[in-house]
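Biologist: I am new to this structure and would like to learn how to read it. Please take me through a few features.

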Amino acid sequence: MASGDIVQDSFLQSVLSASAQARLDCESLIDLTERSAVSSSQSLSADTKLHLSRLQRQLNSDLASLRDASRESIFEVRMTKQSTSEARQEVDRLHLHLQNLYYEERHLRGEIYACESYDHQYQQLPLIPLGEFLELQPEHKDNNDEKSLMFARINHELAEREALEQQRQGLLKTKQSLITDNKKRKDDLASLDKDLETFIDAAKPIQKLFEKQY
């Protein structure tokens, strides 16, 4: 497989092309130099000297192009390393941010589970069954929001308990009033018993007097 088939970058392809051309020119120069050395006993013709001069200038031009390409490639490598380093830092930053998001997600899921599994006090309230509540409060039959429905049931329970408390307080007042009346009647009966005993004791002499006369 040719190197041109492997390398797809246009700049590298131009470097390979210049390198191949420099190699050809170098091989041509070497070949011409060797042939000139064989015939060194004879003076070189003007055409041969001109050809050698042209090959040398072409080779120098090719080498200059390769040196320029080398400097440019070194610069490109440095730029690539810098961009790669910056990209790696950005990837590391994003990876760390992603890890923090994963941690926050796990934390939030734990908090959600704790809230969902928390034994709330309202769940322990002795509320009336939902069916019975809906019969008493038919305006909530179409309510599909569990939260607002639970608030309504709790408010209903609170209102019922407040009403029962008012009834209890009224009954306590009635009870206290009856206790006070009963105590007063007991005191009156006790006083009446004492008065009867006093009356009976006072009537005993009279009774004895009648018993003596009759």
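Modeller: Start with helices, which are DSSP runs of H or I with at least four residues, while strands are E runs of at least two, both numbered from the N terminus. Arg153 lies in helix 5. This is a predicted model, where local features need pLDDT of at least 70 and side-chain atom pairs count only at pLDDT 80 or more, but totals for chains, interfaces and linings use all residues. Residues are numbered from 1 along each chain as its sequence is written, and side-chain values use heavy atoms, leaving out hydrogens and water.

Biologist: Is Arg153 buried or exposed?

Modeller: Buried means under 20% relative accessible area, exposed over 50%, and partly exposed in between (1.4 Å probe, protein chains only). Arg153 is buried. Arg153 has no salt bridge (a side-chain nitrogen of Lys or Arg within 4 Å of a carboxyl oxygen of Asp or Glu). Glu157, the nearest side chain of opposite charge, is 7.9 Å away; Lys and Arg count as positive, Asp and Glu as negative, with His and the chain ends not counted.

Biologist: Which residues does Arg153 touch?

Modeller: Contact means heavy atoms within 4.5 Å. Leaving aside residues up to four places away in sequence, Arg153 touches Leu127, Ile128, Pro129, Leu130 and Phe133.

Biologist: Where is Ile200, and how exposed is Ile200?

Modeller: Ile200 belongs to helix 5, residues 146–213. Ile200 counts as partly exposed because its relative accessibility is 48%.

Biologist: What does Leu59 touch?

Modeller: With residues up to four places away in sequence not counted, Leu59 touches Ala22, Asp25, Cys26 and Leu29.
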